[in-house]
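Please examine the structure shown here. The paragraphs that follow lead through selected helices and strands.

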Amino acid sequence: MSAGSDETDRSERSVVECSDGLRERLDAFEALVNDNEHFLVVAHASPDGDAVGSTLALSLLLQEQGKKVTTYNRDPVPYNFEFLPGVESWRTDLDDLSHVDVTVLLDCAMPSRIGEEFPAHGWGDTVAVIDHHATWDPDFADLYLRDPDAAATGEVLYRLAVRYGEISLDVARNLYCCLMTDTGSFRYSNTSRTAFRIAGELVERGVEPWEMSTEVYENQPQERLELLCKVLDTLSVSDDGRLAFLRVHREMAADLHIDEDLTDGFINYVRSIRGVEVAIQMREMEGDSWRVSFRSRGRVDVSALAEQFGGGGHHNAAGCVIEDSPEQIERRLSQALIDLLES
Ligand SMILES: [Mn+2]
(Lines give C-alpha, C1' and ligand atoms only; values in the text may rest on other atoms or scores of the structure.)
Protein backbone atom coordinates (compact mmCIF):
# COMPACT_ATOMS: atom_id res chain seq x y z
CA MET A 1 0.00 0.00 0.00
CA SER A 2 1.53 3.32 -0.99
CA ALA A 3 2.11 5.86 1.74
CA GLY A 4 -0.24 8.82 1.73
CA SER A 5 -2.95 7.07 -0.26
CA ASP A 6 -6.56 7.42 0.76
CA GLU A 7 -6.54 3.86 2.08
CA THR A 8 -3.59 4.56 4.36
CA ASP A 9 -5.22 7.65 5.75
CA ARG A 10 -8.29 5.63 6.53
CA SER A 11 -6.47 2.78 8.23
CA GLU A 12 -4.54 5.25 10.34
CA ARG A 13 -7.80 6.66 11.63
CA SER A 14 -8.80 3.23 12.91
CA VAL A 15 -7.34 1.52 15.98
CA VAL A 16 -8.17 -1.94 14.65
CA GLU A 17 -6.60 -3.98 11.89
CA CYS A 18 -8.81 -4.93 8.97
CA SER A 19 -8.43 -7.92 6.64
CA ASP A 20 -8.28 -7.26 2.89
CA GLY A 21 -11.53 -9.15 2.37
CA LEU A 22 -13.37 -7.10 4.95
CA ARG A 23 -11.90 -3.86 3.58
CA GLU A 24 -13.22 -4.73 0.10
CA ARG A 25 -16.70 -5.31 1.46
CA LEU A 26 -16.54 -2.05 3.40
CA ASP A 27 -15.55 -0.31 0.14
CA ALA A 28 -18.53 -1.90 -1.58
CA PHE A 29 -20.91 -0.82 1.17
CA GLU A 30 -19.53 2.72 1.12
CA ALA A 31 -20.14 2.84 -2.64
CA LEU A 32 -23.69 1.63 -2.07
CA VAL A 33 -24.23 4.51 0.36
CA ASN A 34 -22.80 7.01 -2.13
CA ASP A 35 -24.99 5.78 -4.98
CA ASN A 36 -28.34 5.70 -3.18
CA GLU A 37 -30.69 8.03 -1.33
CA HIS A 38 -33.33 6.21 0.70
CA PHE A 39 -32.34 3.44 3.09
CA LEU A 40 -34.53 1.06 5.07
CA VAL A 41 -32.62 -0.07 8.17
CA VAL A 42 -33.95 -3.20 9.84
CA ALA A 43 -32.69 -5.85 12.27
CA HIS A 44 -34.01 -9.18 13.48
CA ALA A 45 -37.29 -9.35 15.40
CA SER A 46 -37.15 -9.51 19.22
CA PRO A 47 -34.20 -7.13 19.01
CA ASP A 48 -31.38 -7.38 21.57
CA GLY A 49 -28.86 -4.68 22.46
CA ASP A 50 -26.75 -5.31 19.37
CA ALA A 51 -29.79 -5.23 17.07
CA VAL A 52 -31.16 -2.01 18.59
CA GLY A 53 -27.77 -0.33 18.85
CA SER A 54 -26.69 -1.22 15.32
CA THR A 55 -30.06 -0.19 13.87
CA LEU A 56 -29.89 3.23 15.54
CA ALA A 57 -26.16 3.70 14.88
CA LEU A 58 -26.51 3.00 11.16
CA SER A 59 -29.68 5.12 10.88
CA LEU A 60 -27.91 8.08 12.52
CA LEU A 61 -24.75 7.57 10.48
CA LEU A 62 -26.71 7.56 7.21
CA GLN A 63 -28.69 10.63 8.29
CA GLU A 64 -25.41 12.39 9.08
CA GLN A 65 -24.42 11.67 5.46
CA GLY A 66 -27.60 13.42 4.30
CA LYS A 67 -29.49 10.23 3.43
CA LYS A 68 -33.18 9.57 3.91
CA VAL A 69 -33.64 6.74 6.38
CA THR A 70 -36.57 4.60 7.46
CA THR A 71 -35.86 2.70 10.69
CA TYR A 72 -38.04 -0.36 11.14
CA ASN A 73 -38.42 -3.40 13.35
CA ARG A 74 -41.31 -5.80 13.85
CA ASP A 75 -41.00 -5.21 17.61
CA PRO A 76 -40.69 -2.10 19.77
CA VAL A 77 -37.45 -1.09 21.48
CA PRO A 78 -37.11 -3.01 24.79
CA TYR A 79 -37.49 -0.80 27.89
CA ASN A 80 -33.78 -0.85 28.75
CA PHE A 81 -32.70 0.50 25.36
CA GLU A 82 -35.22 3.35 25.13
CA PHE A 83 -32.57 5.83 26.31
CA LEU A 84 -30.44 5.33 23.21
CA PRO A 85 -30.02 8.31 20.84
CA GLY A 86 -32.19 8.14 17.71
CA VAL A 87 -34.81 5.89 19.30
CA GLU A 88 -37.62 8.31 18.30
CA SER A 89 -37.23 7.26 14.65
CA TRP A 90 -37.95 3.58 15.43
CA ARG A 91 -41.11 2.36 13.64
CA THR A 92 -42.98 -0.91 13.99
CA ASP A 93 -45.30 -0.34 11.02
CA LEU A 94 -44.49 0.22 7.39
CA ASP A 95 -46.68 1.64 4.67
CA ASP A 96 -45.52 2.23 1.16
CA LEU A 97 -41.90 1.33 0.61
CA SER A 98 -41.85 1.56 -3.17
CA HIS A 99 -39.46 4.51 -2.82
CA VAL A 100 -36.81 2.65 -0.81
CA ASP A 101 -33.54 2.18 -2.68
CA VAL A 102 -31.66 -0.07 -0.29
CA THR A 103 -32.69 -2.31 2.60
CA VAL A 104 -29.93 -2.95 5.13
CA LEU A 105 -30.47 -6.01 7.28
CA LEU A 106 -28.56 -5.92 10.57
CA ASP A 107 -27.42 -8.54 13.07
CA CYS A 108 -28.84 -11.42 11.04
CA ALA A 109 -28.25 -12.79 7.57
CA MET A 110 -31.53 -14.60 7.08
CA PRO A 111 -34.67 -12.72 6.01
CA SER A 112 -36.86 -15.07 8.06
CA ARG A 113 -35.46 -13.54 11.27
CA ILE A 114 -37.03 -10.15 10.49
CA GLY A 115 -40.45 -11.71 11.03
CA GLU A 116 -43.09 -13.02 8.64
CA GLU A 117 -44.86 -9.67 8.68
CA PHE A 118 -42.11 -8.09 6.65
CA PRO A 119 -43.70 -7.20 3.29
CA ALA A 120 -42.26 -8.81 0.20
CA HIS A 121 -42.33 -5.44 -1.61
CA GLY A 122 -40.32 -3.84 1.19
CA TRP A 123 -36.91 -4.73 -0.04
CA GLY A 124 -36.21 -1.87 -2.43
CA ASP A 125 -33.81 -2.38 -5.33
CA THR A 126 -30.88 -3.64 -3.31
CA VAL A 127 -30.51 -5.65 -0.12
CA ALA A 128 -27.36 -5.47 2.00
CA VAL A 129 -26.48 -7.43 5.12
CA ILE A 130 -24.22 -6.29 7.97
CA ASP A 131 -23.75 -9.11 10.44
CA HIS A 132 -21.46 -11.26 12.56
CA HIS A 133 -23.45 -14.51 12.91
CA ALA A 134 -21.96 -17.83 11.85
CA THR A 135 -25.28 -18.88 10.33
CA TRP A 136 -26.25 -17.14 7.11
CA ASP A 137 -28.23 -17.47 3.90
CA PRO A 138 -25.89 -16.64 0.98
CA ASP A 139 -28.66 -16.36 -1.60
CA PHE A 140 -30.90 -13.40 -0.90
CA ALA A 141 -28.79 -10.25 -0.43
CA ASP A 142 -26.79 -8.31 -3.03
CA LEU A 143 -24.04 -7.36 -0.62
CA TYR A 144 -22.81 -9.11 2.50
CA LEU A 145 -20.68 -7.20 4.99
CA ARG A 146 -20.13 -10.08 7.40
CA ASP A 147 -17.42 -10.72 9.97
CA PRO A 148 -18.07 -13.84 12.07
CA ASP A 149 -15.00 -12.92 14.18
CA ALA A 150 -16.57 -9.63 15.25
CA ALA A 151 -17.91 -9.55 18.81
CA ALA A 152 -21.00 -7.63 17.67
CA THR A 153 -22.60 -6.22 14.54
CA GLY A 154 -21.72 -2.89 16.13
CA GLU A 155 -18.04 -3.81 15.75
CA VAL A 156 -18.48 -4.16 11.96
CA LEU A 157 -20.40 -0.88 11.93
CA TYR A 158 -17.58 0.84 13.81
CA ARG A 159 -15.26 -0.05 10.92
CA LEU A 160 -17.73 1.61 8.56
CA ALA A 161 -18.33 4.64 10.80
CA VAL A 162 -14.61 5.58 11.06
CA ARG A 163 -14.57 6.01 7.29
CA TYR A 164 -16.81 9.06 7.67
CA GLY A 165 -14.44 10.86 10.05
CA GLU A 166 -14.93 11.50 13.74
CA ILE A 167 -17.74 9.40 15.18
CA SER A 168 -20.53 11.46 16.76
CA LEU A 169 -21.39 10.84 20.41
CA ASP A 170 -24.90 9.65 19.42
CA VAL A 171 -23.45 6.99 17.11
CA ALA A 172 -20.74 6.12 19.65
CA ARG A 173 -23.27 5.42 22.43
CA ASN A 174 -25.21 3.06 20.20
CA LEU A 175 -22.07 1.23 19.10
CA TYR A 176 -20.94 0.88 22.72
CA CYS A 177 -24.33 -0.62 23.56
CA CYS A 178 -23.79 -3.23 20.81
CA LEU A 179 -20.39 -4.26 22.17
CA MET A 180 -21.36 -4.17 25.84
CA THR A 181 -24.47 -6.30 25.44
CA ASP A 182 -23.21 -8.86 22.91
CA THR A 183 -20.09 -9.56 25.01
CA GLY A 184 -22.12 -9.83 28.24
CA SER A 185 -20.41 -6.71 29.57
CA PHE A 186 -17.03 -7.83 28.19
CA ARG A 187 -17.18 -11.24 29.85
CA TYR A 188 -18.04 -13.77 27.11
CA SER A 189 -15.50 -15.63 24.94
CA ASN A 190 -16.11 -13.21 22.04
CA THR A 191 -14.56 -10.41 24.15
CA SER A 192 -11.47 -9.70 22.07
CA ARG A 193 -8.68 -7.17 22.01
CA THR A 194 -10.47 -5.56 19.07
CA ALA A 195 -13.69 -5.27 21.08
CA PHE A 196 -11.81 -3.60 23.95
CA ARG A 197 -9.97 -1.28 21.59
CA ILE A 198 -13.14 -0.16 19.89
CA ALA A 199 -14.90 0.28 23.24
CA GLY A 200 -11.93 2.38 24.36
CA GLU A 201 -12.23 4.56 21.26
CA LEU A 202 -15.94 5.03 21.92
CA VAL A 203 -15.19 6.10 25.50
CA GLU A 204 -12.66 8.51 24.00
CA ARG A 205 -15.56 9.93 21.96
CA GLY A 206 -17.45 10.65 25.18
CA VAL A 207 -19.37 7.48 26.04
CA GLU A 208 -19.79 6.98 29.82
CA PRO A 209 -19.52 3.22 30.58
CA TRP A 210 -21.21 3.53 33.98
CA GLU A 211 -24.15 5.43 32.54
CA MET A 212 -24.53 2.83 29.78
CA SER A 213 -24.50 -0.16 32.15
CA THR A 214 -26.84 1.56 34.60
CA GLU A 215 -29.40 2.26 31.87
CA VAL A 216 -29.18 -1.21 30.35
CA TYR A 217 -28.83 -3.43 33.43
CA GLU A 218 -29.98 -1.53 36.52
CA ASN A 219 -33.28 -0.19 35.35
CA GLN A 220 -35.43 -3.30 35.68
CA PRO A 221 -39.14 -3.27 36.37
CA GLN A 222 -39.90 -5.14 39.60
CA GLU A 223 -42.07 -7.53 37.55
CA ARG A 224 -38.97 -8.84 35.80
CA LEU A 225 -37.53 -10.19 39.03
CA GLU A 226 -40.91 -11.62 40.03
CA LEU A 227 -41.03 -13.40 36.67
CA LEU A 228 -37.45 -14.60 37.14
CA CYS A 229 -38.48 -16.29 40.41
CA LYS A 230 -41.23 -18.22 38.61
CA VAL A 231 -38.98 -19.20 35.72
CA LEU A 232 -36.08 -20.32 37.93
CA ASP A 233 -38.56 -22.54 39.74
CA THR A 234 -38.75 -24.69 36.57
CA LEU A 235 -35.01 -25.41 36.56
CA SER A 236 -34.07 -28.98 35.76
CA VAL A 237 -30.61 -30.42 35.22
CA SER A 238 -29.81 -33.61 33.33
CA ASP A 239 -28.53 -36.64 35.30
CA ASP A 240 -24.98 -36.08 34.09
CA GLY A 241 -25.17 -32.41 35.07
CA ARG A 242 -24.17 -31.11 31.65
CA LEU A 243 -27.54 -29.74 30.45
CA ALA A 244 -29.86 -27.38 32.26
CA PHE A 245 -33.40 -26.52 31.19
CA LEU A 246 -35.67 -23.59 31.95
CA ARG A 247 -39.28 -23.20 30.85
CA VAL A 248 -41.23 -19.99 30.40
CA HIS A 249 -44.93 -20.83 30.28
CA ARG A 250 -47.35 -18.34 28.76
CA GLU A 251 -49.38 -18.01 31.97
CA MET A 252 -46.28 -16.94 33.93
CA ALA A 253 -46.29 -13.61 32.17
CA ALA A 254 -50.07 -13.36 31.95
CA ASP A 255 -50.59 -11.41 35.21
CA LEU A 256 -47.79 -8.98 34.47
CA HIS A 257 -48.77 -5.43 33.68
CA ILE A 258 -45.97 -5.12 31.17
CA ASP A 259 -46.54 -6.09 27.60
CA GLU A 260 -43.04 -6.99 26.57
CA ASP A 261 -40.52 -9.77 26.81
CA LEU A 262 -38.83 -9.56 30.19
CA THR A 263 -37.10 -12.93 29.98
CA ASP A 264 -34.02 -11.79 28.08
CA GLY A 265 -30.94 -12.87 30.04
CA PHE A 266 -32.66 -15.41 32.31
CA ILE A 267 -30.81 -18.24 30.59
CA ASN A 268 -27.44 -16.86 31.71
CA TYR A 269 -28.22 -17.69 35.35
CA VAL A 270 -28.58 -21.31 34.34
CA ARG A 271 -25.41 -21.43 32.27
CA SER A 272 -23.48 -20.30 35.33
CA ILE A 273 -24.22 -23.55 37.22
CA ARG A 274 -21.02 -25.50 37.87
CA GLY A 275 -20.65 -28.38 35.41
CA VAL A 276 -23.40 -27.24 33.02
CA GLU A 277 -22.14 -27.11 29.43
CA VAL A 278 -25.34 -26.05 27.69
CA ALA A 279 -28.25 -24.05 29.08
CA ILE A 280 -31.59 -24.31 27.31
CA GLN A 281 -34.58 -22.02 27.75
CA MET A 282 -37.91 -22.99 26.25
CA ARG A 283 -40.46 -20.23 25.89
CA GLU A 284 -44.05 -21.12 25.11
CA MET A 285 -45.44 -19.40 22.03
CA GLU A 286 -48.70 -19.76 20.11
CA GLY A 287 -50.18 -23.25 19.85
CA ASP A 288 -47.71 -26.06 20.31
CA SER A 289 -44.56 -24.16 19.43
CA TRP A 290 -41.71 -23.22 21.73
CA ARG A 291 -38.93 -20.73 21.17
CA VAL A 292 -35.77 -22.50 22.29
CA SER A 293 -32.62 -20.58 23.25
CA PHE A 294 -29.24 -22.20 23.79
CA ARG A 295 -26.22 -20.90 25.65
CA SER A 296 -23.00 -22.87 25.66
CA ARG A 297 -20.09 -22.47 27.99
CA GLY A 298 -17.67 -22.87 25.09
CA ARG A 299 -16.99 -26.46 24.09
CA VAL A 300 -20.32 -27.20 22.41
CA ASP A 301 -21.21 -25.35 19.20
CA VAL A 302 -24.89 -24.63 19.84
CA SER A 303 -25.37 -23.01 16.41
CA ALA A 304 -24.85 -26.52 14.95
CA LEU A 305 -27.48 -27.81 17.34
CA ALA A 306 -29.94 -25.04 16.49
CA GLU A 307 -29.42 -25.66 12.77
CA GLN A 308 -30.54 -29.27 13.23
CA PHE A 309 -33.89 -27.81 14.32
CA GLY A 310 -34.12 -25.12 11.64
CA GLY A 311 -32.55 -22.27 13.63
CA GLY A 312 -29.07 -20.83 13.92
CA GLY A 313 -26.81 -18.41 15.73
CA HIS A 314 -23.32 -18.36 17.20
CA HIS A 315 -21.02 -20.97 18.71
CA ASN A 316 -22.06 -19.91 22.24
CA ALA A 317 -25.57 -18.57 21.69
CA ALA A 318 -28.21 -19.84 19.30
CA GLY A 319 -31.91 -20.50 18.98
CA CYS A 320 -34.72 -22.18 17.07
CA VAL A 321 -38.45 -22.80 17.21
CA ILE A 322 -39.74 -26.34 17.78
CA GLU A 323 -43.33 -27.58 17.64
CA ASP A 324 -43.84 -30.39 20.14
CA SER A 325 -44.69 -31.03 23.78
CA PRO A 326 -42.12 -29.58 26.20
CA GLU A 327 -41.26 -33.03 27.57
CA GLN A 328 -40.68 -34.34 24.06
CA ILE A 329 -38.61 -31.30 23.09
CA GLU A 330 -36.40 -31.81 26.16
CA ARG A 331 -35.91 -35.46 25.19
CA ARG A 332 -35.08 -34.65 21.56
CA LEU A 333 -32.65 -31.89 22.53
CA SER A 334 -30.97 -34.04 25.16
CA GLN A 335 -30.32 -36.76 22.60
CA ALA A 336 -29.04 -34.30 20.01
CA LEU A 337 -26.78 -32.70 22.61
CA ILE A 338 -25.41 -36.03 23.80
CA ASP A 339 -24.52 -36.80 20.16
CA LEU A 340 -22.81 -33.42 19.85
CA LEU A 341 -20.96 -33.71 23.14
CA GLU A 342 -19.67 -37.14 22.17
CA SER A 343 -18.59 -36.18 18.65
MN1 LIG B 1 -25.18 -9.54 17.55
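Gly66, which has a positive phi near 80°, follows helix H3. Helices (H or I, at least four residues) and strands (E, at least two) are DSSP runs numbered from the N terminus. The model is a predicted one, in which local features need pLDDT of at least 70, side-chain atom pairs count only at pLDDT 80 or more, and totals for chains, interfaces and linings use all residues. Residues are numbered from 1 along each chain as its sequence is written.

H3 itself comprises 16 residues (49-64). Of these 16 residues, 14 are buried, that is, 20 or more other C-beta atoms, placed from the backbone, lie within 10 Å of their own.

Helices H4 (residues 153-161) and H5 (residues 169-182) pack with axes 7 Å apart and at an angle of about 150°; axes are lines fitted to C-alpha atoms over the stretch in contact, and angles run from 0 to 180 degrees between N-to-C directions. H4 is therefore roughly antiparallel to H5, a term used for angles over 145 degrees. Residues in the contact (C-beta atoms, placed from the backbone, within 7 Å) include Leu157 and Tyr158 of H4 and Leu175 and Leu179 of H5.

Elsewhere, an open sheet of 6 strands with mixed pairing has the order E7-E8-E9-E10-E12-E11; two strands pair if DSSP finds at least two bridges between them. Strands E7 (236-237) and E11 (312-313) are at the edges with a single partner strand each, so one side of each lacks a neighbour in the sheet. Strands E10 (residues 289-296) and E12 (residues 317-323) run antiparallel and are joined by 7 bridges. Arg291 stands opposite Val321 in E12.

Key: The expected span of a helix is 1.5 Å times one less than its number of residues. A residue is buried if 20 or more other C-beta atoms lie within 10 Å of its own, exposed if 12 or fewer, and partly exposed in between; C-beta atoms are placed from the backbone. Angles under 35 degrees count as roughly parallel, over 145 as roughly antiparallel, 65 to 115 as roughly perpendicular and the rest as oblique. Two residues are in contact if their C-beta atoms, placed from the backbone, lie within 7 Å.
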